[in-house]
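My entries follow in the order in which I looked.

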Amino acid sequence: MPLLFGELSGFPSWVPVVLLVSLSFVLGFLGRLILLAFIRYWQSRDRKLFKSLEKHLSGSMFFFIPLLMINVGLNYINFHPDSLDLITNIINVFIIMSFCSVLIRLTNVAQDMLYIRYDINISNNLRARKIRTQIIYVKKVVIVILVLFCLSLILLSFPSVRKFGTTILAGAGVAGIIIGFALQKSLVNLFAGIQIAFTQPIKIDDAVVVEKEWGWIEEINLTYVVVRIWDLRRLVLPITYFTENPFQNWTRNNAQILGSVFLYVDYSMPLEPLRTHFEKVLSETRLWDGETQVLQVTDTTEKTMTIRMLMTAQNSPIAFDLRCYVREKMIEFIQQNYPESLPQVRASLTDSGREKGERGVAEQVSGMAD
């Protein structure tokens, strides 16, 4: 490269620059192709890892390699010292930004690998959801730290900033106090997020009831949480909501949940056929997890008796479907086999009551005749 640019010393100053930029991007493109080819070749060893590397690094490496080559090649081109310093500083800024982009994309690769190890698509996914919640939050904090580190390196790449570093740091301390007061609410949310990530009152994919709405934890971000409600609406809450307010978490320690169905039937309904059919209904559906089945008379009134049926399911959505299924089948059974045992209102007329009724009818008839 020194010989190549030395032979171009007689040409206009822009010719070596154009040649350097063109050559750097061509070699960078070739280097990127070689890197991707190497990744594809080694996919047979660990396909998931190298697939993730190819997915996340293919774009960021396109600028990083050429910028490094341009930065080296500038030393062999005759520039005015002031212009060379300015161009070098600009190139260094872009190199730092590109390097930061590579690091952030590597965090995505690490996240992909951990997601594969802790799969939440299995039935017993409590530990996986715990780990994923921590992974998501730690990744976001790492990205913030990397961005701040990148900004610091960019500022320190300018000699004037390094020269007045002590003064800037002192001013930054005062500014930090002022900004801290201004962003007090955001900082509270940030620390609340750290608390949630490690104490875990909620986890990714937890079934919760908040603000009288039932749904699942879809996202846990630095300052807010997104709840996917059962009808596909999204409820966005500040992350401090889950440290300051009571809420229901149906999957805190176990996704299994107990469902209940109530029937209101007449006293003439025999219980044993009802219990037998209830057991048959559960045994014929995959919604039931095979653990709990209970049929009891839990209450009585002057008109009906209340029958409660309990059953367990793997998680809350399945439990809801199971309750609907059992309710439909039990009502259908009563309608087809014991229709007289459906709730009804009785009336009993005594002899004196019958005489009064007949007398009243006779008076109405005579009144109409008049």
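I looked up L33 and found its place in helix α2, residues 14-41, where helices are DSSP runs of H or I with at least four residues, numbered from the N terminus. I noted that the model is predicted, that local features need pLDDT of at least 70 and side-chain atom pairs pLDDT 80 or more, while totals for chains, interfaces and linings use all residues. Residues are numbered from 1 along each chain as its sequence is written, and side-chain values use heavy atoms, without hydrogens and water.

L33 counts as partly exposed because its relative accessibility is 38% (buried is under 20%, exposed over 50%, partly exposed in between, with a 1.4 Å probe and protein chains only).

Next I turned to the aromatic rings, and I found five aromatic pairs in the structure. F242 is buried at 4% relative accessibility, whereas F247 is partly exposed at 22%. I also noted that W214, W216 and W250 form one aromatic cluster.

Last, I looked up N221, which lies in the loop between β2 (213-220) and β3 (224-229) and is buried, with a relative accessible area of 10%. Its side chain is joined to that of K140 by a polar contact of 3.2 Å (a pair of N or O atoms within 3.5 Å; within protein, one must be able to donate a hydrogen and the other to accept it, and residues adjacent in sequence count only if both atoms are side-chain atoms).

Definitions and conventions:
Helix = DSSP H or I, 4+ residues; strand = E, 2+ residues; numbered from the N terminus. Phe/Tyr/Trp six-rings, centres within 6.5 Å; stacked < 30°, edge-to-face > 60°.
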